[in-house]
Amino acid sequence: MKMKYEDKVSLYNDTSQCMTENVPIEALSPFCNPYMKDVLDLFKRTAFINLSKLQSCLKEGKGGWETVLGQDECKMPWYGRDLPIVEHAEEIADRIRDKVGKFGDGEDSVTVMADTIVVKIPKEVMEVSASRDPVYTWTMVALCQAIAEVFNINPNTDLDGCNMLKAVVFGRYPQSITFSPGAPVSGFLKPSNVVDGLGAEYSGITVNHIVAMVNKRTMDGLALASILEGAAQWEMGNAVGWYERYNLLGYAYEGFNANNLVLDLVKENREGTITDVVYSTIIRAVEDGVIKVKNKLASGYKIYTTNDFPLWNAYELAGTTAAAIVNCGAMRSGQAAATVLGYINDGFALETGGLADPDGGRMEGAGIGFAFYTHSIYGGAGPGAYTFDHVILRGSGFIQPPIVAGMCLDSGTQLFSPEMTSSAFFKLRDMFPLLQDPLKKVAEAAEQIKGEIKKG
Amino acid sequence: MAEKPKSEYVPNIYPGKDVVSERRKKLWDKSRPLLKYRSVAEDDITQILSHRAVRAAYVSVHPPLEEMIEPYDPIKHIVVPTPGTRAGDRIRFIQMSDSFHLPSIAPFGRQRLYFSRFRGMDTVVYSGREILEMRERDLEKVAKMLLETEIFNPGRSALKGITVHGHSLRLDEDGLMFDARRRYIYDRDTGEVVYIKDQMGNVLDVPVPIGPPFSEEDCKKLCLTYSWDTQPYKARTELFEVMSRATKMRVIAGFNPEMIDESM
């Protein structure tokens, strides 16, 4: 692989130990880094079948709900069927494997974990498909067929049972194009028809899900959010050509603790304010030669200049992330992260005499919108319940990691807590060792391939 | 790196050397203390905030941090929590509104002041109001500073938890900012502004006097905004230079980040 850019970074873990030195930034791209590829592959191809939920819904005759918490506006107990689905988990899984797994290259596509069947749709199927919807469609159809076979449900034996089974698994689809929230079949990513914006699939994961998957470890949260959001930016076309180095540097510093910058700024300001972090970022950037004083105005006000805006932007993002950690850490509350993203920007712009603020002002716009929608000043939900394909949040690709960091630091002040919205995702972390220690694994994968990236 | 003394670096804070610019530099520089204009008793502040009964215990939202068992995360041991956080206090708010007429601070100015002076805080700026959310005991502490110092003009700034409308309206016959809920009145006998309702508009058992409004001269002296009768257009030369540079930089950075160079 050819190395296009000269930039190299060292990656540090959350105890400030160097994990890998002098890695070309290309090694942190989802097109090169094997760990990132594995994570994205897992997120793209995996579906979950919650058998206990399926069993209880089928028993109560409940399906097609549209409420998140109630989930009970459509109940038809007279069509309820009391089937021992959880007891037959292995048998159902075998039948799904027969229908879906045979298209793969032998990789075990279906596994049973307690009351959950995890289905990984074969790569070959995904290659032939134009979308990644087989995760939902194949899993749902195979599941309905498997249950019909195991419990002998067909129009001759149980006509209403067929309809009820369809209603529980598919909800109101296709009359309504969305599936019921918390339906028995789910995936990491949203169905493609409800994702808000082209290429935004990987950023459509709820903040609290990410927080739960990293077990509230802040720097791991930054890393996993950066892998997903970084991949989404590539898919949206926001990292092509002129923006490639800008994005690679941005996520390296913001998400993967490049050169220990985020942690240095946090340590230096462990008892400091947000503005203190802005000053520390500028001091560090001047020392590292990223920015310098160009001239002074009559009042003594210094105008700074840079020859390398993508790198200065990465420093600003690291500063913003550190400020979010310092502020949310002092308050131990996730709600304050949006404030930092919305208003730290004019701190950077005014302090440097007008150098462009993080993400060229997009972070400020998205951050202010997010602060409005997560506060009583305008109403809305807690930050943990948002997905970043949302219309007010997709303006900047760099706001997701600091929000995740803020929620990792929350000590229980949120109504929409990770335990409430995402309890199943704490378990997923144990199911998939791949999701454990993402920061360390990104660094290891980068170390492994850095020799292959050569100047060309 | 972390040991390097900060004293070598002098923050810019704000361009310009006119009176308004100097005001802004002072308010947003945490090394410069704010002048105290009046004293408000702690119990009175608790009353106006209306989050708990006077001298009642603080309600907690979670156990004290030291008693909580949390998943391992080194960051949580690096950042120092505030006293309210350590105790597990609820998060409560104070919402301030500032008049357009020669204000001693405005919402955008509050945000920068909060960012530079307070730890563990959450704020959102709106056109005529600014909400500040913190752990309860931390909030009461900063509320004292917000009400006692030069940034609070009892006539032109107010606590408005709800029904905030009025910052851009004409002042009333006593020179106070309009308030649809009549939370505060001007006591002509004592010459002080008196809160007869708390920030949520509930009537107080005992009214809270909060000091006399600033004189017109003081208002002009402490004004944070540029205006024809304080600092005229030409005073803002440096500010315009910086803002136009920032705007240009943003446009270029958004178009192609690699295009920015030292000559700009």
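Which residue in β6(A) is the bridge partner of A:Asn50? The partner is A:Thr116. This pair belongs to a predicted model, in which chain A and chain B touch: 63 residues of chain A are in contact with 56 residues of chain B.

**Chain A: overall build**
- Chain A holds 18 helices and 10 strands.
- About 90 × 55 × 35 Å is the span of its C-alpha trace along the principal axes.
- The radius of gyration of chain A is 24 Å; a compact globule of 456 residues would have one near 23 Å, so the two agree.

**Chain A: domains and annotation**
- Chain A is divided in two: domain 1 covers 2–32 + 205–445, and domain 2 covers 42–188.
- The C-alpha centres of these two domains of chain A are 37 Å apart.
- Contact between them involves 4 residues of domain 1 of chain A and 4 residues of domain 2 of chain A.
- On the domain 1 side of that contact in chain A, 4 residues are nonpolar, with no polar and no charged ones.
- An unreviewed UniProt entry annotates residues 7–192 of chain A as "domain: Methyl-coenzyme M reductase beta subunit N-terminal".
- That span, residues 7–192 of chain A, is 37% helix and 16% strand, and its end C-alpha atoms lie 36 Å apart.

- An open sheet of 4 strands in chain A runs in the order β5-β6-β4-β7, with antiparallel pairing.
- At its edges are β5 (110–113) and β7 (185–187) of chain A, each pairing on one side only.
- Strand β4 (residues 46–50) and strand β6 (residues 116–120) of chain A pair in the antiparallel sense over 5 bridges.
- Helix α2 (residues 51–60) of chain A packs on the sheet and touches β4 and β6 of chain A. The direction of α2 makes about 45° with that of β4(A).
- Helix α3 (residues 89–100) of chain A also packs on the sheet, touching β5 and β6 of chain A. The direction of α3 makes about 165° with that of β5(A).

**Where chain A meets chain B**
- As noted, 63 residues of chain A are in contact with 56 residues of chain B.
- Elements giving two or more residues to the chain A side include α8 (218–236), α11 (274–287), β9 (302–306) and α13 (337–351) of chain A.
- The largest share of the chain A side, 9 residues, comes from α12(A).
- By class, the chain A side has 28 nonpolar, 24 polar and 11 charged residues.

**Chain B: domains**
- Chain B is divided into domain 1 (16–226) and domain 2 (232–264).
- Their C-alpha centres lie 33 Å apart.
- In chain B, 4 residues of domain 1 are in contact with 4 residues of domain 2.
- The domain 1 side of this contact in chain B has 2 nonpolar, 1 polar and 1 charged residues.

**Chain B: a sheet**
- An open sheet of 3 strands in chain B has the order β5-β6-β7 and antiparallel pairing.
- β5 (184–187) and β7 (203–209) of chain B each have a single partner strand, so one side of each is left without a neighbour in the sheet.
- Strand β6 (residues 192–197) of chain B pairs with β7(B) in the antiparallel sense over 3 bridges.
- B:Tyr195 has B:Val208 as its bridge partner in β7(B).

Note on methods:
Residues numbered from 1 in each chain as written. Chains lettered and ligands numbered in written order. Predicted model: local features only at pLDDT ≥ 70, side-chain atom pairs only at ≥ 80, totals over all residues. Domains from an automatic or database assignment. Contact = placed C-beta atoms within 7 Å. Nonpolar A, V, L, I, M, F, W, Y, C, P; charged D, E, K, R; others polar. UniProt positions renumbered as here; feature names shortened; annotations may be inferred. Pairing = 2+ DSSP bridges. Rg over C-alpha atoms; globule rule 2.2 N^0.38 Å. Axes fitted to C-alpha atoms, helices over the stretch in contact; angles between N-to-C directions.
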